[in-house]
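Biologist: I would like to learn how to read a few features of a model, one at a time. Where do we begin?

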Amino acid sequence: MALGTLEWVPARDRRDLLADPVARALENLADDVAVAPIDPALADTAAFCERYGVALEDSANCVIVAAKRGGETRYAAVMVLATMRADVNGAIRRHLDARKTSFAPQADAVEMSGMEYGGITPLGLPEEWPVLVDAEVARRPEVVIGSGIRASKLAIAGEALARLKTAEVVALAQ
């Protein structure tokens, strides 16, 4: 791994740097996922990228959306590059066949994912949640994403995100 100034190690070797659901998910993935410790105060994308020398286009954000239709609420994870905005009210709403789509409330996202806000990642999310991976994320040779906690980041190939069991690659960003 050569992303930024971080010291990357195989994620399986540093379970202490992963949220529990992420560590469990990584048991089933190849060894091509790396983890690096960071200052949790710098977990937010802009501060992280600046401090650790990671280009914004090499960083992907995971947001949890709530899609509503007919009194039912479904959740999905959305992966977009840090240089883009998730088109929640357009492409994402249409893809999820929802009447209304919004970012999930922070407390709900944290409770249902078992991860810290600002560290939520598509690895280890509830299996009924689709993971919508923007096509630009899937094309990246490596992207930095959350690890489930604010004190570390993961590095993974965009193609590996696209191969997650519940992943769907679509054009999601503006």
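Biologist: How many salt bridges does the count come to?

Modeller: This is a predicted model, in which local features need pLDDT of at least 70, side-chain atom pairs count only at pLDDT 80 or more, and totals for chains, interfaces and linings use all residues. Residues are numbered from 1 along each chain as its sequence is written, and side-chain values use heavy atoms, with hydrogens and water left out. A salt bridge is a side-chain nitrogen of Lys or Arg within 4 Å of a carboxyl oxygen of Asp or Glu. By this rule the count is eight.

Biologist: Which residue forms a salt bridge with Lys165?

Modeller: Glu127 does, with the closest N and O atoms 3.4 Å apart. The pair links distant parts of the chain, 38 residues apart: Lys165 lies in the loop between H6 and strand E9 (167–170), and Glu127 in the loop between helix H4 (106–113) and E6. Helices (H or I, at least four residues) and strands (E, at least two) are DSSP runs, numbered from the N terminus. Lys165 is exposed at 73% relative accessible area, and Glu127 is exposed at 59%. Buried means under 20%, exposed over 50%, and partly exposed in between, with a 1.4 Å probe and protein chains only.

Biologist: How far apart are Glu136 and Arg139 in helix H5?

Modeller: They are three residues apart, so about one helical turn separates them. Their salt bridge has its closest N and O atoms 2.6 Å apart. Glu136 is partly exposed at 33%, while Arg139 is exposed at 57%.

Biologist: How many disulfides does a search of the whole structure find?

Modeller: A disulfide is a pair of cysteine sulfur atoms within 2.5 Å. The search finds zero. The sulfur of Cys49 is 16 Å from the closest cysteine sulfur, in Cys62, and therefore too far for a bond. Cys49 is buried at 7% relative accessible area, and Cys62 is buried at 15%.

Biologist: How many residues does the largest nonpolar core have?

Modeller: In soluble globular proteins, nonpolar side chains tend to be buried together. A nonpolar core is a set of buried Ala, Val, Leu, Ile, Met, Phe, Trp, Tyr and Cys residues joined through side-chain atoms within 4.5 Å. Here the largest has 37 residues, and those with the most contacts inside it include Val22, Ile64 and Leu161. Elements giving two or more residues to this core include helix H1 (20–26), strand E3 (60–69) and helix H6 (158–162). Leaving aside neighbours within four places in sequence, Leu161 is in contact (heavy atoms within 4.5 Å) with residues including Met79, Val133 and Ile145.
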